[in-house]
Amino acid sequence: MIFALELLLFFYHARADSVSIGSESYESGGMGLNPTQTFYTSSKGPPQFNILTEAADATYKAPILMSYMGGNTPHPLALVMRENGSMIWASEESILAPFNVQTQMFNGQQVLTFWNGTVSTVGYGNGLNYILDQNYNILHEVGMLNGTSYASADFHEFRITSDNTVIPISWRVTQLDLSSVGGPTDGWTWDCVFQEVDLTRNQSIFEWRSLEHINISESYFSLNGGGTSQDNRPRRVDKDSNGDYLISMRGPSAIYKVSHTDGSVLWRLNGKQSDFQMGNGSTFYFQHDARWMDNGQMSLFDNAIGGGDPDEPTARGIILDVDETAMTATLVQEYIPPYNNVSESQGSMQVLPNGNVFIGWGARPYFTEFASNGTVLYHVHFASLEAPTNNPASYRTFKSLTNWTATPTTFPNATYNTSAFTFYVSWLGATDISEWEAWGGNSTDGSDFATFASSPSGGFETSFPYGQLPQNWAMRAVAANGTCLGGSNVTSANGSVSTNNFSCNRDGSSGSADGDGGSPASMLRTSWTGLAMALGLAFSSM
């Protein structure tokens, strides 16, 4: 039986980390279509989770990565969250459309990657992929390499390979004879392109164009009203141990293996011209996120519907045994969503290192972790059942396979409530805080400070009481092993915040007073123009 319980760190409807557990009020819209969290120390507005199946001991313990956006969101955000619904990190509120948030390995180091830019009404993106280090500094801004400069990239895919090369994708509007699909002889379509790029040499080492290898008649999508054709766009590009590419195309509902030497199509899986005999339950439609697994099997997200015929009763994640010798595809396992319905667009499926399967349901604001046998271990809604499709949504939702750890270059942000004798403190992006210590004294640089209060870290924003407030005070974040991670700027008893930072060595150096700001990742080029219209119309094509 679903029971209602709203949990906040301190009290209901207060500003604090908040989560719902099996809340009927949440599901029915009684808490709003899109309940969000608010804080004293941060302007971020991440979703408030409604956890319908609480995380079992058997879940894979790692942060959750979301591309949180849609018409009902306060601000689109790239997010790193915990299973309990507590925020770790969020991008700047000026971000227009953060897609495809992932943690990957690059040159032996963990990096956080995501796309940001503008989205057209037919689901094409113009933007750049960002690679951030473990201090949230931007290492690279990556688009499609045009000569030696980077042009705009699409949001659907960005991969860092084991060779430390990157794979962005894009599209080029191309005039084409569409009479074979009932269109004009001088029609238009999208030539979809991906590159493999060596960032060290700033050189494209491979480029592939869809119109050179795939006929537009393979797509199940019909012509648009203006006589344009879609959609042979890739939703996933993977690379195997032989260097060949696995390309998932949504419109044809097919997966293509492409030669790394000449770009030729080696085989088609599913779709109108499948080279494989598809076994019972192995067919799929308008899929996303197809990838090879370590054991040679293939995983993918089957949307079941996508704006063209045919369709299926429900979205699902599936694992296929793809025999490239016998040319057969056999369903190994399927993962059905608890809501038992289709997903009109977007979506992801991730086989985790412990064998569990983590699925983001795309246009539907849910994600689920399954045991390998299909048992639901953890299931979350991040918007009400009454919320419109795609509003909000997360293009892909992953768990961090690198188990993301980070220490920001910003400082912790702290404030207090004199009537409640309570401190509030947070540090956006920090992953390893175990305890907060309050230090105080008479000096403005912290030279005479001593600890006078402390508290275990309580999620993103921690609150704890104090007795008598010193003339000046600051906060320090402490790791589980007792190491000081960083300190806030010094605040006086009258509430003014100085530029003196109470760093771990008490040097009183000046710096940013706001743990939400000052990061290089806040410098991303964005525009709010047409955001609500673009996202609302575009999601159906993603």
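Strand β7 and strand β8 (residues 109-119) run antiparallel and are joined by six bridges, where two strands count as paired if DSSP finds at least two bridges between them. Helices (H or I, at least four residues) and strands (E, at least two) are DSSP runs, numbered from the N terminus. This is a predicted model, in which local features need pLDDT of at least 70 and side-chain atom pairs count only at pLDDT 80 or more, while totals for chains, interfaces and linings use all residues. Residues are numbered from 1 along each chain as its sequence is written, and side-chain values use heavy atoms, with hydrogens and water left out.

- Strand β7, which spans residues 99-106, is mostly covered, since seven of its eight residues are buried, a term that stands for under 20% relative accessible area, with exposed meaning over 50% and partly exposed lying in between (1.4 Å probe, protein chains only).
- The hairpin formed by β8 and β9 has five residues between the strands, and Gly123 in its turn has a positive phi of about 85°.

## The largest pocket

- The largest pocket holds about 1,100 Å³ of space; a pocket is found on a 1 Å grid over the protein atoms alone, as an open set of points where a 1.4 Å probe fits, with protein on both sides within 12 Å along at least five of seven lines, and lining residues have an atom within 4 Å of a point.
- For the volume, grid points are joined across faces, edges and corners, and the space counted is that filled by probe spheres set on the points.
- The largest pocket is lined by 34 residues, of which Arg159, Asp238, Arg291, Trp292 and Asp294 are the closest to its centre.
- Among the elements that give two or more residues to this lining are β13 (158-160), β18 (234-239) and β23 (288-292), while β7 gives the most, with four residues.
- The lining divides into ten nonpolar, 13 polar and eleven charged residues, where Ala, Val, Leu, Ile, Met, Phe, Trp, Tyr, Cys and Pro count as nonpolar, Asp, Glu, Lys and Arg as charged, and the others, Gly among them, as polar.

## Nonpolar cores

- In soluble globular proteins, nonpolar side chains tend to be buried together.
- The largest nonpolar core has 39 residues, and those with the most contacts inside it are Phe49, Trp89, Leu112 and Phe367; such a core is a set of buried Ala, Val, Leu, Ile, Met, Phe, Trp, Tyr and Cys residues joined through side-chain atoms within 4.5 Å.
- Strands β8 and β9 are among the elements that give two or more residues to this core, and β5 gives the most to this core, with five residues.
- Apart from this core lies another, of 16 residues, including Trp427, Ala430, Trp436 and Met475.
- Trp89 has its place in strand β6 and counts as buried at 5% relative accessibility.

## Loops and backbone details

- Most residues other than glycine have a negative phi, and most peptide bonds are trans.
- Asn391 and Pro392 are joined by a cis peptide bond, with omega at about 5°, and Pro392 has its place in the loop between β30 and β31.
- Asn390 is also placed in the loop between β30 (376-381) and β31, and its side chain makes a polar contact with the side chain of Gln346 (3.1 Å), meaning a pair of N or O atoms within 3.5 Å; within protein, one must be able to donate a hydrogen and the other to accept it, and residues adjacent in sequence count only if both atoms are side-chain atoms.
- Asn270, in the loop between β21 (265-269) and β22 (277-278), has a positive phi near 75°, and its relative accessible area of 5% makes it buried.
- Ala304, in the loop between β24 (298-302) and β25 (316-323), has a positive phi of about 75° although it is not a glycine, and it is buried, with a relative accessible area of 0%.
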